[in-house]
Amino acid sequence: MLMKKLPTCVLTLALLVSGVAQLPAARGQQVGASAPRPYFYEPSVSPDRAEIAFVSGGDIWTVAAAGGEARLLVSHPATEYRPLFSPDGRRLAFTSARTGNGDVYVLTFETGELKRLTADDAFEQLDSWSRDGRWLYFSSSARDIAGSSDIFRVSPEGGTPMQVAADRYMNETAGTPSPDGAHLALVGRGYAQWWRHGHAHIDESELWLMRNHSTGSYERLTEGGAKQSWPMWSADGRTLFYMSDRGGAENIWSLALGGEPRQLTKFRDGRVLWPSISADGKLIVFERGFGVWKMDTSSGRAEEVRIVRRGAAADASVERVRLTDRFQELALAPDGKKVAFVVRGEVFAASATDAGDASRVTVTPGPESSPVWAPDSRRLAYVSERNGAAQIYLYDFGTNSETRLTDGAGGGDATPRFSPDGKWLAFERGAKELRVLNLETKREKVLATGGMERPPLNSDRPFVWSPDSRWIAHAQIGAKLFRNIVVVPVEGEGKPQPVSFLANVSTNTVSWSPDGTFLLFDTGQRTETNQLARVDLIPRTPRFREDQFRDLFREETPRTLAPTLRRPENNPPPSPTPTP
């Protein structure tokens, strides 16, 4: 789904505090930036075809079907998704992330009452209303042991959601009941990357029909080889409209049950997303080119709906919200007083000892990751993809300033690590180079090339500094794809020197002892369990059993221990007598 990044300045670290933190709802436009173009998406049309609801900026708006000024209908610092009018036009259902992952809500227009219908841990994608208004259908992976999407339905009055389609080995989503409620059209397979433009086998999906709402009566309606999604029934239940890219670009198609598919719109480029049909089946609205479009189903004629927003969004409001999940990549400062972490792609920092709010470090449209503290505990380095490529940035808490350190050329930069003396920053570039950056002169140097790879997800030390900041050890792939540990000097023209000569070092994680005398890593063959290996970096004289046995016969100088005289507690020592 399209997600709004957390638009906040502070948030609460749930592991440290029991209170809440202030979360300003939106960030302001950066100085000097050009005015952004509004993005209108996920539209739906009212039963009388007079009004269109859509999402913009994470809030729900409504506009006349002919276009014009849009009014703000639902505004919240969280993100709202997929508004759908009820068949009688008196209510609006939508999904909201205000409670965490995304639950289904229903708004009653007459009273303004907002009711929450679901409370699962997974995101629930709202799909459709039943034609009689008794059920809301949605897709969720909350109860599937394989993590696949299943289709549920729940009463708009509340109650327990019930599974309708729950195949264990196939994603099922976009469930849409027929007008008489007997059958269910749905999307099977694929769908995971509905947002992609262009053909790839991972995006292919098919339309299926589940007759009489029975899992034993599946019927495939369309062939594979294309992306096909969002089925919509005609008023008489004899035809399905849907989106497909079978002709190249995404377009609206129709399929008379028992007949052949027919392309209705003739777009040659762009994406057609989130179509929705009116109750009488005469009008379809959809998202295309960051705007809302409408199409007459009888003629196939499509046109864009011109929209101008009027209203106050959730930007200026302040709400106290307690976040309790999605904390990642915690990094404790060397002084033990601060902690940095990532929440939904943004870097935050907080006290590691006192409860309270966390300060937001980054406010960017791209994700940040891999925070690491400098030895002085006053600076923080991290990777940011705000400019497309992964680049390393440095934030100085003393001056409250951010500096870009690398340009991310050649495949992007990753895994920043400060030297123990704080003068150097080591990092990987494009999984092909190990580089160091002098933080004083800003000059980069390549230490090793080739034979490297991205560290596994459970590794936080693909390379490690020596305690004296003069060497770096890392795992390098050599002949026959075997990994071994090499050390390379940071200064001078020294070449990497191998220090292990095993058949394979199984991971990229290596540790250097605090005294600098040995390295630790794990190693193992394909059929063996991993073992911990140690490489001594200074000569060590071995001790043999024979020597240990001979030591038992060496003469030892007797040790005499003077008895300790203890004076009775009831007889304190006499006071010294002054000499006349």
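Here is a walk through this structure, from the whole chain down to a few rings and strands.

Before we start, keep in mind that this is a predicted model, where local features need pLDDT of at least 70, side-chain atom pairs count only at pLDDT 80 or more, and totals for chains, interfaces and linings use all residues. Residues are numbered from 1 along each chain as its sequence is written, and side-chain values use heavy atoms, with hydrogens and water left out.

Let's begin with the big picture. The chain has 47 strands and 1 helix; helices (H or I, at least four residues) and strands (E, at least two) are DSSP runs, numbered from the N terminus. Out of 580 residues, 47% count as buried, where buried means under 20% relative accessible area, exposed over 50%, and partly exposed in between (1.4 Å probe, protein chains only). The chain exposes about 30300 Å², with carbon and sulfur atoms supplying 50% of that area; accessible areas come from the Shrake-Rupley method with a 1.4 Å probe, and for residues only the protein chains shown count as cover. Now take the contacts (heavy atoms within 4.5 Å). Among those with a separation of 6 or more, 40% come from residues 24 or more positions apart.

Next, the strands. Strands of a sheet pair through backbone hydrogen bonds, either parallel or antiparallel. Here, two strands pair if DSSP finds at least two bridges between them. Have a look at β15, residues 172-177: 6 of its 6 residues are buried. This strand runs antiparallel to β16 (residues 184-188), and 4 bridges join the two. Glu172 has Gly188 in β16 as its bridge partner. β15 and β16 form a hairpin with 6 residues between them, and Gly181 in the turn has a positive phi of about 80°.

β23 pairs with β24 (residues 283-288) over 3 bridges, and Ile277 stands opposite Ile284 in β24.

Another open sheet has 3 strands in the order β45-β46-β47, again with antiparallel pairing. β45 (510-512) and β47 (531-536) are the edge strands.

Finally, the aromatic rings. Rings of Phe, Tyr and Trp (its six-membered ring) pair if their centres lie within 6.5 Å; planes under 30 degrees apart count as stacked, over 60 as edge-to-face and the rest as tilted. The whole structure holds 16 aromatic pairs. Phe341 and Phe348 count as stacked because their ring centres are 6.1 Å apart and their planes sit at 15°. Both of these residues, Phe341 and Phe348, are buried. Elsewhere, Tyr39, Tyr41 and Phe290 form one aromatic cluster.

Rings can have charges over them too: NZ of Lys or CZ of Arg must be within 6 Å of the ring centre and within 35 degrees of the ring normal. Arg98 lies over the face of Tyr105, at 5.3 Å from the ring centre, while Arg153 lies over the face of Trp135, at 4.1 Å.
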